[in-house]
Amino acid sequence: MSKQSLLALGIPTYKRPDSAIKIIEHALNLNIFDQIIISSNSNEEELNQYLENKNSSIITFHQQINNVGISKNYTKLIEICECQYLHIVSDEDYIDGENLKTFYSFLEESDELSLIILSVTDIDGNIYKDATWQT
């Protein structure tokens, strides 16, 4: 990972290997992230095999020895991140590629940001929880 790396995707996962694999594939196909980090709180053979067979230099995988809970799983993502920014999404979320391209451009133009909270939309594109009022 170079010092110029801008955006990593962090995926905490627990007992949902199919969902984790789906979002990893989607993220790889978007070709936007400089690093994709998966931290698993459960040892799922399907996910392990998938990652062993995936030949991608941007994927970093951490297998927790025990279920450490979501907070420590998030902490591991932060510790492993080699990029300036880390975008954490659940293993069951979906990433909108067009919005992500806009977000990436926004990050490239700013060097004073430390935390960005995004709104979440439901499956129909309606705002589920609006966090845009926070600064």
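Visitor: In which helix does Pro 17 lie?

Guide: This is a predicted model, in which local features need pLDDT of at least 70, side-chain atom pairs count only at pLDDT 80 or more, and totals for chains, interfaces and linings use all residues. Residues are numbered from 1 along each chain as its sequence is written, and side-chain values use heavy atoms, with hydrogens and water left out. Helices are DSSP runs of H or I with at least four residues, strands are runs of E with at least two, and both are numbered from the N terminus. By that assignment Pro 17 lies in residues 17-30, helix α1.

Visitor: Is Pro 17 buried or exposed?

Guide: Buried means under 20% relative accessible area and exposed over 50%, with partly exposed in between (1.4 Å probe, protein chains only). Because its relative accessibility is 12%, Pro 17 counts as buried.

Visitor: Which residues does Pro 17 touch, not counting those up to four places away in sequence?

Guide: A contact here means heavy atoms within 4.5 Å. With residues up to four places away in sequence left out, Pro 17 touches Glu 44, Glu 46 and Leu 47.

Visitor: What separates the C-alpha atoms of Pro 17 and Ser 42?

Guide: Along the chain, Pro 17 and Ser 42 are 25 residues apart.

Visitor: Within what arc do the buried residues of α2 fall?

Guide: The buried residues of α2 are Leu 47, Asn 48, Tyr 50 and Leu 51. Seen down the helix axis, they line one face of α2, because the arc they fall within is 165°. The arc is that of the directions from the helix axis to the C-beta atoms. To repeat the value, it is 165°.

Visitor: Which elements do the buried residues of α2 pack against, and which exposed residues does the face turned away carry?

Guide: On the buried side, the packing partners of α2 are β1 (7-13), α1, β2 and β3. The face turned away from that side carries the exposed residues Glu 52 and Asn 53.

Visitor: What is the handedness of the β-α-β crossover from β2 to β3?

Guide: The chain goes from β2 through α2 (residues 45-53) to β3. With the strands pointing away from the viewer, a clockwise path from the first strand over the helix to the second is called right-handed. This crossover is right-handed.
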